[in-house]
Amino acid sequence: MIVVELFLEFALLSFVAFGGATALLPEMHRVVVENHHWLDDQTFTHLYAIAQAAPGPNVLVVTLIGWEIGGLLGALASTVAMCLPMSVLIYLLIDRWESFAGKRWQKAISLGVAPLAVGLIFSGATLIAQAAAFGWTTWLLVAATVVANLRTKLHPLWFIGVGAGLGLLGLV
């Protein structure tokens, strides 16, 4: 049954969700598009875009993928599978983890997870960019946005608005 498969796949993914659901995009893509062929590239990218446009946590993409594949039960199964297993594990282990505060190996683990999360998020961004089939004007907009974001204190909604406007005009 597809709902059980969704639950099992996302439960496994939950244990490596350093950096949140967005960091798992390449692996989610591999599972739902390449391995199981439940979705195609375009649908996967559209679901991610919808999840990012909606208010709320990044794990919303998991819910939308589950909904698309298995309806309401699929949405519930994938969301619970992504959130519950690791939450229970952390709840059971947090006191033990805190008892090792200040230990060299604990600091090493904490420091090692940060670049891992950044790398996973970057690979997810690359995956989405490839699936979106960017043209040269889109890459120019990406570069301009990065430069403007680093050099100004403009709110990110301004960048989203400019991108939406350029999209409506058919320029990107």
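## Overall make-up

Helices are DSSP runs of H or I with at least four residues, strands are DSSP runs of E with at least two, and both are numbered from the N terminus. By this count the protein has seven helices and zero strands. Along the sequence, the pattern reads α-α-α-α-α-α-α.

The model is predicted: local features need pLDDT of at least 70, and side-chain atom pairs count only at pLDDT 80 or more, while totals for chains, interfaces and linings use all residues. Residues are numbered from 1 along each chain as its sequence is written, and side-chain values use heavy atoms, with hydrogens and water left out.

The C-alpha trace spans about 55 × 45 × 25 Å along its principal axes. Of the 172 residues, 26% count as buried (buried means under 20% relative accessible area, exposed over 50%, and partly exposed in between, with a 1.4 Å probe and protein chains only). Contact means heavy atoms within 4.5 Å. Among the contacts with a separation of 6 or more, 57% join residues 24 or more positions apart.

## The nonpolar core

A nonpolar core is a set of buried Ala, Val, Leu, Ile, Met, Phe, Trp, Tyr and Cys residues joined through side-chain atoms within 4.5 Å. The largest one here has 27 residues, and Phe10, Met28, Val32, Phe44 and Ile65 have the most contacts inside it. At least two residues of this core come from each of α1, α2 (25-35), α3 (41-53), α4 and α5 (104-131). Helix α4 gives the largest share, seven residues.

What does Met28 touch, not counting residues up to four places away in sequence? The residues are Phe10, Leu13, Ala21, Val33, Phe44, Val61, Val62 and Ile65.

## Helix α1 against α4

Helix α1 covers residues 2-14 and helix α4 covers residues 60-99; their axes come within 8 Å and cross at roughly 40°. Axes are lines fitted to C-alpha atoms, for helices over the stretch in contact, and angles run from 0 to 180 degrees between N-to-C directions. Angles under 35 degrees count as roughly parallel, over 145 as roughly antiparallel, 65 to 115 as roughly perpendicular and the rest as oblique. Helices α1 and α4 are therefore oblique to each other.

The residues in the contact of α1 with α4 are 17 nonpolar, five polar and no charged. In this grouping Ala, Val, Leu, Ile, Met, Phe, Trp, Tyr, Cys and Pro count as nonpolar, Asp, Glu, Lys and Arg as charged, and the others, Gly among them, as polar.

## Two further helix pairs

Helices α2 and α5 pack at an angle of about 50°, with their axes 7 Å apart. This angle makes α2 oblique to α5. On the α2 side the contact is made by Leu25, Pro26 and His29, and on the α5 side by Leu120, Ser123, Gly124, Leu127 and Ile128. By class, the contact of α2 with α5 has five nonpolar, three polar and no charged residues.

Helices α3 and α4 have axes 8 Å apart and pack at an angle of about 135°. This angle makes α3 oblique to α4. The crossing in which α3 passes α4 is right-handed. Thr43, Phe44, Leu47, Tyr48, Ile50 and Ala51 in α3 meet Leu60, Val61, Leu64, Ile65 and Glu68 in α4. The contact of α3 with α4 divides into nine nonpolar, one polar and one charged residues.

## Single residues

Ile2 lies in helix α1 and counts as partly exposed because its relative accessibility is 30%. Apart from neighbours within four places in sequence, Ile2 is in contact with Trp38 and Ile69. Ile2 and Gly74 are 72 residues apart in sequence, and their C-alpha atoms are 7.8 Å apart in space.

Thr45 touches Ile128 and Ala131, not counting residues up to four places away in sequence. His37, in the loop between α2 and α3, has a relative accessibility of 60% and therefore counts as exposed. The phi of His37 is near 55°, a positive value in a residue other than glycine. Most residues other than glycine have a negative phi.

Terms used
A crossing is left-handed if the near helix is turned anticlockwise from the far one by less than a right angle, and right-handed if clockwise.
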